[in-house]
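Trainee: I would like to work through this model with you. Where shall we begin?

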Amino acid sequence: MVQKASTLATCDTVTLELIAGALGMAVSEMETLLERTAMSPFIREKKDFHVALADAEGRVIVASGGHTGEFMSAIFEAFPAQEMSAGDIYWYNDCYSSRGIVSHSPDQVFVAPVYFEDRLVGFSQAWAHFNDIGGMHPGTISPDATSIYQEGIIVPVVRLQQGGRRNEDLQRLFERNSRYPQMVRGDIRASLAAVALGERRLAELFDRFGLNVTLAGLEQSFERTASLLTTRFRELFAAGTYSFSEVVATDGKGNGPFNIHMDLTVTPDHVKLDASGTDDQALGPINYLMHVGVPASTLGRYLLSLVPEARANHGVQALIDEVVLRHGSLLQPNPPAALGMRGITAIRSMNCILGIVNQATNGQGGASNSAYVIYNMRGSHAGKPFLLSDGVAIGYGARAFADGIDAVYLVGQKNYPAEFMETVYPIRMRSYGLLKDSGGPGRWRGGCGVFREIEILADEALLSVRIDGVGNPPWGVLGGMPGRGGRAVVNPGRSDERMIEALSDGTVLKRGDVFRIETVGGGGWGNPLERSPEHVRADVLGRFISSASARDDYGVVLTGADLHIDYDATNELRSSSARSAAQGNKVAAA
């Protein structure tokens, strides 16, 4: 256990900033190394991974993507700190034994202890989504799954390396359970290289600034983040209970909808989030084993945007004192419930917290968004198997001060370039772009989703799809309208056109078939009639919205080939629309 900084030393402001800068650079180096040396496209091209450094107690110091969730408690239970040694590497992907630190099995966690002058001072971690670790179908996760045992090999907390000596047998066992063992081997090597780099950089930091000053700096950073964020939280959240519900439409097995319900109770000396009112777990793989630190991390992301001098670290966890989850519910399923498609429920859970923020702040939290879209094509071509696992961007919700962000795939992750896809997979990208009119109309427009249209060049492929927000689109705020779009269709506009269920697997595609996927836009913020006509015209010219939406949703009349604004007609249309809305409200109230 690390001594508290107050008993050791103090760290002056300049040194504290130098330490923070060095930590940020270390994580950036780790990211770059992992991204450039991994073999699977989901890591190398999509960037579905993150890296982190923690102190000797397992408290997150810094992480890529602003992550603040802990990753050490499961390791400490299996291997107490006093049993660790330099050169060790720990590994796991076990969702249930880690109590949601890992929330679906493809995510692998690798951790090395860091020593300085023979003293444990921290941990270096790499976390990456592996493309295939076995399971019922290539790509591991599938809407077909009803048990976690169908979702790939499960690794409890194990010591992959002890004192610098690798357990090659353990690694070979894991690789043998993948359909693409060489890819898995390369991803393990890349992950371990990033861990080793973080280990070196953290030790160098202690060597540069000294043990006591560095420990003091880390402690002060935790305390500063906790103090700044809890103070801002108390300014925004008056005492009382805030409640919000979200809905997951289906589990892919004919069941649903599933309700997610959260209550945040704030008293002068305690903050409790209670999600026990959430519906029971699902048969299909939409269950989300939510770690108790997730609500504070989610709330912290919002508050960090308001308090830029605070740093994303373990101090965020001071925001919520108690989290109540009900075993057997969608957010705390009993094993062996399937978890592979938990992304839908995870994003909806985050939207619950965003909804609570909006209640406390009169909509300042912004509008919601759906989960990013996943599709998987698998088959063989030219005598070799292929697996195309792709994540597709959606539109983020509008903010109280700006439009939502267009085409985002989960924070800092990336899309597959068309050139890459056509080079590696037997497909042809026919078209790709922003989906017009998908962003929810509002004073601030929701971000647009995207469309992709892909022609199949293989003789045959099987397709799985996960799209959220088709039947229950992302909500708007203070008069903003819901996001739009969201569908998967084969051979659009042809006589053999057919729609695909939003959460499904096993659709057969033949050579020459065209698969089109459209993703959902974010919700809008504020009354669309209050958006400036100039902004609306710019959206039409930029192909974010259509001329029809400009008129019907925003009350803006555009004329001529140059789409000039007819201000007189616009004012009349907006006045008429406002009168109609007011009359409708009176009828509803009656």
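**Backbone, fold and surface**

Mentor: Thr 140 has 0% relative accessibility, so this residue is buried. Keep in mind that the model is predicted.

Trainee: In which loop does Thr 140 lie?

Mentor: Start with the backbone. Thr 140 is not a glycine, yet its phi is positive, about 75 degrees. Most residues other than glycine have a negative phi. As for the place, Thr 140 lies in the loop between strand S5 (119–129) and strand S6 (158–162).

Trainee: What is the phi of Asn 491?

Mentor: Asn 491 is found in the loop between strand S17 (487–490) and strand S18 (498–500). At 0% relative accessibility, it counts as buried, because buried means under 20%. Asn 491 is a residue other than glycine, and its phi is positive, near 60 degrees.

Trainee: Which residue does a cis peptide bond join to Gly 256?

Mentor: Most peptide bonds are trans. Here omega is about 5 degrees, and the bond is cis.

Trainee: How many disulfides does the structure hold?

Mentor: Cys 11 is buried, with a relative accessible area of 6%. Cys 448 is buried too, with a relative accessible area of 0%. A disulfide needs a pair of cysteine sulfur atoms within 2.5 Å. The number of disulfides in the structure is zero.

Trainee: Is Thr 241 buried, exposed or partly exposed?

Mentor: Thr 241 is in strand S8. Its relative accessible area is 48%. Buried means under 20% and exposed means over 50%, so this value makes Thr 241 partly exposed.

Trainee: Which residues is Thr 241 in contact with, leaving aside neighbours within four places in sequence?

Mentor: Contact needs heavy atoms within 4.5 Å. With those neighbours left aside, Thr 241 is in contact with Asp 263, Leu 264 and Thr 265.

Trainee: How far apart in space are Thr 241 and His 381?

Mentor: In sequence, the two residues are 140 apart. In space, C-alpha to C-alpha, Thr 241 and His 381 are 57 Å apart.

Trainee: What is the radius of gyration of the chain?

Mentor: The chain has twelve helices and 22 strands. For 590 residues, the globule rule gives 25 Å; the chain is close to that, so it is as compact as a globular protein of that length. Its C-alpha atoms fill a box of roughly 75 × 65 × 45 Å along the principal axes. The radius of gyration is 25 Å.

Trainee: What share of the contacts with a separation of 6 or more is between residues 24 or more positions apart?

Mentor: Take burial alongside. Buried residues make up 56% of the 590 residues in the chain. Among the contacts with a separation of 6 or more, residues 24 or more positions apart account for 71%.

Key. Residues numbered from 1 in each chain as written. Predicted model: local features only at pLDDT ≥ 70, side-chain atom pairs only at ≥ 80, totals over all residues. Heavy atoms only, no water. Buried < 20%, exposed > 50% of the residue type's maximum accessible area, 1.4 Å probe, protein only. Helix = DSSP H or I, 4+ residues; strand = E, 2+ residues; numbered from the N terminus. Rg over C-alpha atoms; globule rule 2.2 N^0.38 Å.
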